[in-house]
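Reader: I am new to this structure and would like to learn how to read it. Could you take me through some of its features in turn?

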Amino acid sequence: MSPVIQDSRRRNKAERMRRVGRLATGKFVSAKSVPELLKRIIEPGDILCLEGDNQKQADFLANQLATLGKKDLRDIHLVMSCITLPAHIELFKKGVIRQVDFCYAGPQGQAVAQLLADGKFPLGAIHTYNEIYSRYYVDLTPRVALIAAAQADRQGNLFLAANTEETPAIVEPTAFSDGIVFAQVNEIVDSIPRIDIPADQVDLIVEAPYPMHLTALFTRDPAAITDVQILMAMIALRGIYQEYEVQSLNHGVGFNTAAIELLLPTYGEQLGLKGKICKYWMVNPLPTMIPAIESGWVDGVFSVGGEVGMERYTAARSDIFFTGRDGSFHSNRAMGQLAGHYGVDMFIGATLQIDVNGNSSTVSKTRITGFGGAPNMGCQPMGRRHPTKAWLKAGAESNPGPGSIPGRKLVVQLAETFQSGRVPTFVEELDAQDPGIKKALHGVAPVMIYGDDVTHVVTEEGIANLAACRTIGERRAAIRGVAGYTPVGLKRSMRETRELRSRGIIRLPEDLGVSPSEVSRSLLAAQDIKGLVRWSGGLYDPPAQFVDW
Amino acid sequence: MEKFAKSFSSKPLAWPRGKQWALAGVVGSGNLEVLIERNSKTTDQMECIVESSIPGYKSSWLAALGDFAANYPSGGTKVTIHDQGADPIVVTFRLRQAYDHLIKP
């Protein structure tokens with residue numbers, strides 16, 4: 001019997017690095033040698049990881065990879081959180097990908113739907129962020145990871161700046177399994193502000209000819225917030241934040257939650273809620289948080305990513321944000337998702353489509369976007385054991401049985417009953433249930449948040465408390481009751497809606513003490529981006545596309 | 001352009017002293033205006049006149065107005081709506097706003 005080789009990966013890595021030869025000086029390589037280098041370090045059959053989430057992209061390396069021909073790159077199992085760049089799509093068009101496992105395809109959602117329809121998208125599965133990071137340690141461990149950093153020092157230590165995001169979650173499993181970590185950096189310098197990735201875990205470094213791509217994804221201009229969004233914010237503040245005394249929370253990134261942030265120093269203050277709610281946040285450094293922070297509402301914010309323009313502000317507010325010793329902002333996508341899962345009382349966010357059972361999705365027949373991180377936070381953490389007031393109250397309402405967890409996280413869906421263009425948000429069946437989509441996804445409909453996890457649905461009509469419903473029939477009636485004049489809403493029975501209202505399962509604005517006549521844009525603590533800059537004392541530097549003065 | 005009128009039964013509105021009418025919203029693109037006025041011809045009807053720039057939504061209008069008449073005592077009123085293509089979500093909101101203005105002492 002021949003002995004089983006137990007260190008083949010280490011030997012194989014040494015072989016690949018030998019092939020690099022003179023293309024590298026130490027760990028450092030020139031930008032023009034990157035295509036040749038990629039040919040030498042990637043082997044057919046590899047699991048290849050490209051760094052890129054919805055904000056930060058290793059775009060130089062991805063673009064170089066996409067220049068390789070079929071004879072240099074084949075049979076690749078691509079693993080990555082976000083398919084966001086044209087270069088990513090190019091790899092599929094070339095037919096070099098054997099399998100792909102990913103999380104999210106925001107701006108390329110239509111291209112992905114088209115590739116799937118054309119049979120050019122060999123999908124393994126669509127994941128949530130922490131789900132795919134977990135699999136990097138199980139059966140999707142990368143052989144080669146192409147990552148992005150802000151700076152490298154001469155030893156090869158990396159500084160990730162505000163957008164640490166998912167880099168550690170990719171580097172650790174790769175580096176500790178004899179994979180190759182190849183980093184593009186904006187610049188190579190003598191000394192870096194802090195070491196985020198030690199040189200020991202990095203094999204190759206290139207100074208990219210252009211800085212890595214960063215999207216200001218979470219900047220919402222207060223000027224675009226509507227009266228109806230302000231009404232919904234008032235409903236949510238009274239019916240949920242105040243009612244459950246929500247101490248810790250995660251906000252989605254739409255205009256609805258931006259409206260809530262901007263009402264805290266005004267309407268929230270009037271209600272006497274300062275210091276009682278919204279102290280701890282798992283959220284990116286949203287510019288619309290500035291007025292609440294400046295008014296002393298917020299004790300702490302931990303983030304999965306940075307936000308362009310918030311660097312000086314967060315450095316000056318290091319009591320609130322996690323920063324390096326020099327004040328440089330720190331984020332961590334995997335740990336942030338974990339904090340959002342186990343550590344907070346509430347997840348609240350918007351969605352594009354909700355069915356009559358409370359399932360929601362952002363997938364349509366022509367746009368496959370996937371999941372990202374929302375499902376990690378918009379779900380019940382069954383492993384949670386620590387109690388808080390909000391968790392116990394929501395748990396008691398859901399009438400737990402002898403074999404169930406006593407508490408419940410508040411999982412709140414904010415949804416105007418119609419999207420723009422008179423498209424109903426509430427539907428009998430999600431587009432995600434389309435048989436073609438389900439088949440392409442190996443039998444799994446791409447549901448973002450399941451109705452069983454949702455505790456409340458908030459619309460401009462009022463609040464439906466799904467957790468307090470005793471049967472699926474009641475849940476459907478509660479959803480129809482706040483679904484307005486969508487086809488789903490029109491099917492409600494007035495008798496049933498009244499009965500649910502009398503039990504507090506449906507609550508209208510007037511049941512909560514919200515006066516529609518009080519709704520006014522003047523309640524927003526800042527009216528526009530300029531107002532946010534003013535609140536920040538000039539520390540917020542909005543990106544050019546948001547500056548019109 | 002679509003124009004229609006319909007009356008809905010509703011409990012009599014308890015008019016606050018001195019109030020004769022209330023207005024919410026504006027006639028502008030993507031918005032609508034709701035005017036609620038005292039109507040001495042009736043005490044148990046909410047008479048509605050709707051003028052909308054987008055035709056084809058009469059059944060939705062009637063459902064929204066019917067629910068409003070059932071949920072809020074509006075008998076003895078005339079409700080005039082001028083719609084310039086407002087999103088459907090604005091309709092009940094503006095009705096509630098005008099009503100709220102009306103009943104506030």
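This is a predicted model: local features need pLDDT of at least 70, side-chain atom pairs count only at pLDDT 80 or more; totals for chains, interfaces and linings use all residues.

Reader: Let us start with chain B. How many helices and strands does chain B have, and in what order do the elements run?

Author: Chain B has 2 helices and 5 strands. Read from the N terminus, the order is β-β-β-β-α-β-α.

Reader: Why is chain B called as compact as a globular protein of its length?

Author: The radius of gyration is compared with what the globule rule gives for the number of residues. For the 105 residues of chain B the rule gives 13 Å, and the radius of gyration of chain B is 13 Å, so chain B is as compact as a globular protein of that length. Its C-alpha trace spans about 35 × 25 × 20 Å along the principal axes. Of the 105 residues in chain B, 38% are buried. Among contacts in chain B with a separation of 6 or more, 85% join residues 24 or more positions apart.

Reader: Which elements of chain B give two or more residues to the side that touches chain A?

Author: First the totals: 15 residues of chain B are in contact with 18 residues of chain A. On the chain B side, the elements that give two or more residues are α1 (58–71) and α2 (89–103). The largest share comes from α2(B), with 8 residues. Sorted by class, this side of chain B has 7 nonpolar, 4 polar and 4 charged residues.

Reader: Now chain A. Into which domains is chain A divided?

Author: Chain A is divided into domain 1 (26–214) and domain 2 (222–529). The C-alpha centres of these two domains of chain A lie 32 Å apart. Their contact takes 32 residues from domain 1 and 30 residues from domain 2. On the domain 1 side, two or more residues come from each of α5 (109–117), β7 (123–126), α6 (129–135) and α7 (167–175) of chain A. The most come from α5(A), with 5 residues. By class, the domain 1 side has 17 nonpolar, 10 polar and 5 charged residues.

Reader: Which residues does A:Ala149 touch?

Author: Leaving out residues up to four places away in sequence, A:Ala149 touches A:Leu158, A:Phe159, A:Leu160, A:Thr167, A:Ala183, A:Val185 and A:Ile197.

Reader: What should I look for in the phi angles?

Author: Most residues other than glycine have a negative phi. A:Glu245 has a positive value, near 50°. A:Glu245 is in the loop between α8 and β13 (248–251) of chain A. A:Arg422, which is not a glycine, has a positive phi of about 60°. A:Arg422 is in the loop between β20 (418–419) and β21 (423–424) of chain A.

Reader: Why does A:Glu245 count as partly exposed?

Author: A residue with 20 or more other C-beta atoms within 10 Å is buried, one with 12 or fewer is exposed, and those in between are partly exposed. A:Glu245 has 15 C-beta neighbours inside 10 Å, so it counts as partly exposed. A:Arg422 is partly exposed too, with 14 other C-beta atoms within 10 Å.

Definitions and conventions. Residues are numbered from 1 along each chain as its sequence is written. Chains are lettered from A and ligands numbered from 1 in the order in which they are written. Two residues are in contact if their C-beta atoms, placed from the backbone, lie within 7 Å. Helices (H or I, at least four residues) and strands (E, at least two) are DSSP runs, numbered from the N terminus. Ala, Val, Leu, Ile, Met, Phe, Trp, Tyr, Cys and Pro count as nonpolar, Asp, Glu, Lys and Arg as charged, and the others, Gly among them, as polar. Domain bounds come from an automatic or database domain assignment. The radius of gyration is taken over C-alpha atoms; the globule rule is 2.2 Å times the number of residues to the power 0.38.
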